Amino acid sequence: MLQDILVTGLVNGGVYALLAIGFSLIFGVARIVNIAHTAFYMLAAYCFYTLLTRGGLGFALAGVVAVVSVVALSLLCYRLVIEPVREHESAVLISTIALGLIFQELMLVAYGGHFLGVPSTIDGVVRLAGVSIPYQRLLILVVAAVMLAATWFFLYHTRTGLAIRATANDLEVANLMGMNVHRVAMVTVGFSVGLAAIAGVVATPVTSVHPHMWLDPLVIMLAIVVLGGLGSLKGSVIGALIIAYVEAITVFTLPEGAHLKGVAALGIMVAVLLARPEGLFGVAFEEER
Amino acid sequence: MRRAILGVILLFAAPLALAQTIKIAILGPMSFVQGEHHWNGAEMARDEINKAGGVNVGGKRRQIELVRADTNEIQSVPDATNAIERVITRDKVDFLVGGFRSEAVLAMQEVAMDNKKLFLGVGAAHSKLGLNVEQNYDRYKYWFRVSPTKDVDLARTLFAVLGSIGQQIRNDLKTDTPKVAILAEKAVWTEGLVAAAQKNLPALKMEVVGTWQPSAVATDVTAELSAIDRAGAHIVFTMLSGPVGISVGRQMGERGMKAVAWGINVEGQKEEFWQAAAGKAQFVSTLDTYSEVEYTPKTIPFVRAYQARFKKAPTYTAATYDAIMLLKDAIEKVGSTNADQIVAYIEKVEHVGTGSVATFDKRHDLVWAVGKTSGIAVQWQDGKKVPFWPPNVKGMQPFKMPAR
Amino acid sequence: MYLLRRAWSEIRSEILILPSRSLVLVWAIGLLALPLVYSDAYVLRILTMTCLFAIFAASWDLLAGYTGQVNFGHALFFGAGAYGSALVSLKLGVSPWLTVWLGAAVAALFGYLSGFLCLRLRGSYLSLATLAFPLIGLGLLFAFPDFSGGELGVSGVQRLIVGATANYYVACVSMLVIVFGLWMIADSRFGIVLHAIRDDEVAARASGINTPRYKLAVFALSAAAAGFAGALFAHYLRVAGPSTLEVALSFQVVIWGIFGGVATIYGPVVAVFILYPLTEWLGSFKEFGELRLLIFAVIVLLVLLFMPRGLSPWVRDKIEAQCPRCKQRNGAWRKICRLCSAPLQAQVARAQRLVGHQ
């Protein structure tokens, strides 16, 4: 049972981490609580599904086109909807909620409330320590690891990354230093939605595509970033693993309580917040006021 | 000038023509599969009746008019009650047919009963709906459940089929006690079923290796399935109404599990299931309503006509067809659209529908009987839904198991 | 006679002098008089729902708008009220007229608890953590189905009162009383403290205000109002189900609140009275009824682009001006302030509006 828990938790943690780091990045840099983040994940999944099964494109091409077009759409949304109301925090918040609803309803109109299945990128299973794992899940794990490494490289070894970190640290000073904070925000939005879109493309073959598929990951993702500390990448990754392991442990030790795995995950989040109100790796906002 | 006269005639004729129709509201979540089949089944019934000259009400021929009411019940319960109030008070419908989500149907039932409108339920399985009729007959007598049978009776069919699958496993694998893993979504409707399974399976010479209860909307059941795999189960006894059914079907296939799934898998009843599970749901089996077998004399023609018209097979909410046919029969026999008289008639009638041969008990639920209201069992084999039970019905095919 | 004349002069000097207050008066009288002239069951049902959700939205505003505790899980309180009242009235056979108060009390207890858990949380942490509370509640409801009825909820709940018009009056009067009450609270000394906590909690604490106590009080108060709405809802529909705890409802109240304009109390009420009937009306069209949520979201988005602070502050600024000297509100047509007779120059007033927004 131990090996089951170890493997399952690790694999699920990969997808969660992909979603959480993108969200965390947007929040850290632009201070946007982007409720529509997982809606972009959903759009990427739909786009990928359409290109793959109806458009007849290959996996790689369909994936790339889906990610690129969703990123383009996110930049457009940012420009048209979020930027004009940037100063009004609450307006930004409900704009992102409204965007999420709009995407959900558009997909409902276009595809109906059906559950759509995306074929696996690679079929088959591998047996690891007596646990069978489909290759698709390994692929997710690999992609998550690669993207995490890429994000780390992007943030810590490029000039743009430096700009993003500077802006996240102190927006006003960054602006005074002559950085174009609007452009930095745009780049961040594009990059993090890109991460969500990649998650959508690689992760949907293990679930199904439907108009409400963004809500469940949304809640889990929010729990992860709060648990790990808003704006902290390290926190997001570790938070993702914690949540995934809590879920796995719940299912394996309490089979009749498998439905409580979400509750257990959220409960852990609340417990951590009680002990550390800024999350595990968050910055205390006390002095910022 | 001629056009003007025509217009005036139409103006006067219109109310008359309207008075001639019998208005039936079809209530369902129209953006979703369930609502789509509600509406499709109803349209077929309407067209068939109207083409044949309409309903004979005490000597007068009246056409049927459907009112499409999107209850949006999957997303919002108040929306559903608003919708039913709208069709009753605004559209002034005579009868109500449909409903799907039990919580919403309970709230809609109240509105319908307030207005003393006949409400034929098609879709919600919860026994509380019928219990209301038994407990407070005068208020709730206008409710009938045309489909499906109430949740408790579903158990009888499930165990009957489970027994025959168990026998097949005993013969094929030479084991005396096949191992069964119970995989039921956490919900009230599965509670009785799970308890019954845990109690009865040892009597059927089967061993229960564990009970797993994921959430109805879980998208990932890998943890549950790997635990089931480890327990060495031969049969996964499913009770799933939510989208978790798709995840189970797909992920069992992906893991190449040797166990075979039988039970209730509402998603598995839909034609879209095979695609939704990305073709991985080989040998998943479920209780179902419609298939191209001679369940009743009307089943095959209905399923074929439905398939020809909508390019897909009907699911159980398409029993709106049966509901409207039952209504037509009742109205013609009674000779009026008076709800009380129709209730008295339906209570006594045996109606041969497309999905069941319906008689109603004192809860206004279907009386359970194999080959009448038990439904059928189907298995997904290479992208096709193949019926395999009850064995005495014409057109059944063998049940298959994954090679070991 | 004297009293009548006194009342009239009060109304004239306190209400009719300001267009926004006159509007509120007309609206309240209109609501109360409506069933006398037009008693269509369907319209009354929609308005009953609207009134219940208006209480819910106003209670959110007290917590989120005034105190800055932007709650993303307000449905918890609505659900707690609904379940609390429904369960007691059903299992113990107590009259619903008593249990609605109990529902509010249960909700207040939940409010106090969530407030306690949230005392040290701020800003987005608080919003996102509160989002989890109703979901945890939902999971527990499913875990104890004997008690909660699981996915079906508690059904067959007793009615408060029979008849469409009677139910409408119950909802409408409760709404007017509670909303007015919340508005009074927000305008009192207590409300000013809440403002202070939102704007600068550290400073408020430094001025000797026991901020945790105030936060707990406002959590409980807001939850009680939301729970009252939930209890009325349960007895009206006769079902208290898990849908009262869903994320969708929590999001809905955030949308209403911000769309109407936060920290106003009446703003969210206006938003509910516009948006709820509007969505229902859109849904009644055969051709595009199924698109109602889409149209709803697009409208919200567009309105916010032009009125980022919400609808009612925008409208109020069009019809009223703030006196630059004494901060009293005046009708937009006046040249000088009605109290201190300072000139109301449009330019100054405009600048004041931007700075002095509540």
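**Note on helix packing, sheets and chain contacts**

1. In this predicted model, the axes of helix α3 (residues 77-90) of chain B and helix α3 (residues 41-66) of chain C come within 8 Å of each other, and they cross at roughly 160°. An angle over 145 degrees counts as roughly antiparallel, and that makes α3(B) roughly antiparallel to α3(C). The crossing of these two helices, α3(B) and α3(C), is left-handed.

2. On the side of α3(B), the residues that make this contact are P78(B), N82(B), E85(B), R86(B), T89(B) and R90(B), while α3(C) brings A41(C), Y42(C), R45(C), I46(C) and M49(C) to it. Sorted by class, the residues of the contact of α3(B) with α3(C) comprise 5 nonpolar, 2 polar and 4 charged. As background to the spacing of such residues, an α-helix has 3.6 residues a turn, so residues three or four places apart point the same way.

3. Within chain A, helix α1 (residues 2-30) packs against helix α9 (residues 215-228) at an angle of about 65°, and the axes of the two helices are 9 Å apart. That makes α1(A) roughly perpendicular to α9(A), and the crossing in which α1(A) passes α9(A) is right-handed.

4. The contact between these helices of chain A draws on Y16(A), L19(A), A20(A), F23(A) and S24(A) from α1(A), and on P217(A), I220(A), M221(A), I224(A) and V225(A) from α9(A). Of the residues in the contact of α1(A) with α9(A), 9 are nonpolar and 1 is polar, and no charged residue takes part.

5. Where chain A meets chain C, 37 residues of chain A are in contact with 38 residues of chain C. On the side of chain A that touches chain C, at least two residues each come from α4 (89-111), α9 and α11 (261-275) of chain A, and α4(A) gives the most, with 12 residues. By class, this side of chain A holds 28 nonpolar, 6 polar and 3 charged residues.

6. The contact of chain A with chain B takes 29 residues from chain A and 32 residues from chain B. Here α1, β2 (131-134) and α10 (233-253) of chain A each supply at least two residues of the side of chain A that touches chain B, and the residues of that side divide into 13 nonpolar, 13 polar and 3 charged.

7. Chain B contains an open sheet of 5 strands, which pair in the parallel sense and follow the order β4-β1-β5-β6-β7. The edge strands of this sheet are β4 (64-70) and β7 (143-147) of chain B, each of which pairs on one side only, and the twist from one strand to the next averages 25°.

8. Inside that order, β1(B) and β5(B) pair in the parallel sense over 4 bridges, and I24(B) has F95(B) in β5(B) as its bridge partner. Strand β5 (residues 95-98) of chain B also pairs with strand β6 (residues 118-122) of chain B, in the parallel sense and over 4 bridges, and there F95(B) stands opposite L118(B) in β6(B). Helix α13 (residues 320-334) of chain B lies across β1 (22-28), β5, β6 and β7 of chain B, and its direction is at about 155° to β5(B).

9. An open sheet of 4 strands is also found in chain B, with parallel pairing and the order β9-β8-β10-β11. At its edges stand β9 (207-212) and β11 (260-265) of chain B, and each has a single partner strand, so one side of each is left without a neighbour in the sheet. Neighbouring strands of this sheet are turned against each other by 20° on average, direction ignored.

10. Helix α8 (residues 188-200) of chain B lies across β8, β9 and β10 (235-240) of chain B, running at about 170° to β8(B).

11. Helix α2 (residues 33-51) of chain B has 19 residues, and the distance from its first C-alpha to its last is 27 Å, close to the 27 Å expected at 1.5 Å a residue. After α2(B) comes G53(B), whose phi is positive, near 105°.

Definitions and conventions:
Residues numbered from 1 in each chain as written. Chains lettered and ligands numbered in written order. Predicted model: local features only at pLDDT ≥ 70, side-chain atom pairs only at ≥ 80, totals over all residues. Axes fitted to C-alpha atoms, helices over the stretch in contact; angles between N-to-C directions. Parallel < 35°, antiparallel > 145°, perpendicular 65-115°, else oblique. Left-handed = near helix turned anticlockwise from the far one by under 90°. Contact = placed C-beta atoms within 7 Å. Nonpolar A, V, L, I, M, F, W, Y, C, P; charged D, E, K, R; others polar. Pairing = 2+ DSSP bridges. Expected span 1.5 Å × (residues − 1).
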